[in-house]
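This report covers the metal site, the ligand site and some backbone features of one model. The sequence and structure are shown first.

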Amino acid sequence: MNRYEQVVSEKLERLRSQKKFNLLAIESSCDETAASVLTSEREVRSMAVHTQIPLHQRYGGVVPEIASRSHVERIGGVVRYALEDAKMSMEDIDAVAVTCGPGLVGALLVGVSYAKGLAFARQLPLIGVNHIAGHIAANYISHKELEPPFVCLVASGGHSHIVEVGDYSQFRLIGCTRDDAAGEAFDKVARVLGLPYPGGPHLEKLALSGDENAFSLHAGFNAKPILDFSFSGLKTAVINLMHNAEQTGRELNKADVAASFQRAVVDTLVTKSVNAAMEAGHGKLVLAGGVSANTVLRNRLRVAAEAKGIAFYCPEMKYCTDNAAMIGCAGYYGLLGGQSSSLNLNANPALAL
Ligand code: KG4
Ligand code: ZN
């Protein structure tokens, strides 16, 4: 054991016995640089997010090199802001949590290196957090009474999973997309409709004035009893619809296309996740990930779950898309549950749950 490991193992023992401590969390897996201070598992004292959306918008998607550079420029300021807003300094921080995957490797490395630097300089315990586990944990912050086990639908820009959450750090994948993630499909279809990046929220807004039954669109495996989904055929169907209309000079109502596409995505997500929740039998269905900000999905999932006697949970809007509070919550439970990371922690772009 080197000096750092010795100091940190004693600190960890103390923190675990006192149960309440101050944790600084950092998130930089994609296009948001975020930091947050938590004073217990579910108490968020401050939260700072710098979004890079305006930097990537002109390219229609996230440019990894631009993302990494922006994280480098912003991370110091974002951490400082989170500490100031919490009325704390690094002296008050007892542990550091950081997203170590999955995500863009260059972007992840900025957060991981920064967190390791802080942990070493201050001789603090460190924990690497899985980004998907973070999205799931966002629900613990919003619902103080929510406890595992439950089934969770995680729908974000990079992932669409149905997960059985057995305990705070115990996950079993029971379904996933075979191709595009739900958010990715929203973004790609939005692009074809001429909407800016990230397309999800813009498409949802456009769909408000459309007829969701105007076009007969369906996601893959929709009628099959398996819990996996597929969105790439649906995306191609929308692209073909738009191209055919263009070639024949027919004017398509874009709001109708947006609403019909959204209905197709929501239909399949609702059917599969409610089926999964019924099969698992925990009586709870949880929604997480960036797409959980979609109001149609939130509402339909709630109605469908409650019709089957299943309690439904989704995060408050501010915790739906990428943030560091959710990473802090997952990290807190990890530390209390006996986990921690060494200074060899590395970014893993394909980290599994
Ligand atoms: O979780 P997140 O912030 O980043 C990843 O981990 O990927 O999710 C971002 C994704 C994007 O694809 C975005 O278009 C989608 O979430 N999203 C939405 C909405 N808000 C964000 N999709 C549909 N409707 C929304 N309101
Ligand atoms: Zn995310």
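The donor residues of the zinc ion (ligand 2) follow the sequence spacing H-x3-H-x186-D. In this predicted model, they are His131 and His135, each through NE2, and Asp322 through OD, at 2.0 to 2.1 Å from the zinc ion. Distant parts of the chain are linked by the pair His135 and Asp322, which are 187 residues apart. His135 belongs to helix H5, whereas Asp322 lies in the loop between strand E10 (311–313) and helix H11 (325–336).

Several glycines place polar backbone atoms beside oxygen atoms of ligand 1, as listed here for Gly157, Gly183 and Gly200.

| Residue and atom | Distance to an oxygen atom of ligand 1 |
|---|---|
| Gly157, backbone N or O | 2.8 Å |
| Gly183, polar backbone atom | 3.2 Å |
| Gly200, backbone N or O | 3.1 Å |

Taken alone, ligand 1 exposes 550 Å², and the protein buries 91% of that area. The site of ligand 1 is the largest pocket.

Which bond is cis next to Pro198? The peptide bond from Tyr197 to Pro198 is cis, with omega near -10 degrees.

Another cis peptide bond joins Gly101 and Pro102, where omega is about -10 degrees. Pro102 is found in the loop that runs between strand E4 (95–101) and helix H4 (105–122).

Lys19 has a phi near 70 degrees, which is positive although the residue is not glycine. The position of Lys19 is in the loop between helix H1 (3–18) and strand E1 (23–27). As background, most residues other than glycine have a negative phi, and most peptide bonds are trans.

Definitions and conventions: Residues numbered from 1 in each chain as written. Chains lettered and ligands numbered in written order. Predicted model: local features only at pLDDT ≥ 70, side-chain atom pairs only at ≥ 80, totals over all residues. Heavy atoms only, no water. Polar contact = N/O pair within 3.5 Å; in protein donor to acceptor, adjacent residues only side chain to side chain. Areas by Shrake-Rupley, 256 points an atom, 1.4 Å probe, with all protein chains shown as cover. 1 Å grid on protein atoms, 1.4 Å probe; cavity = no way out; pocket = protein on both sides within 12 Å on 5 of 7 lines; lining within 4 Å. Sits in = over half its atoms within 2 Å of the grid points. Donors = N, O, S within 2.8 Å, 3.2 Å for Na, K, Ca; no water. Helix = DSSP H or I, 4+ residues; strand = E, 2+ residues; numbered from the N terminus.
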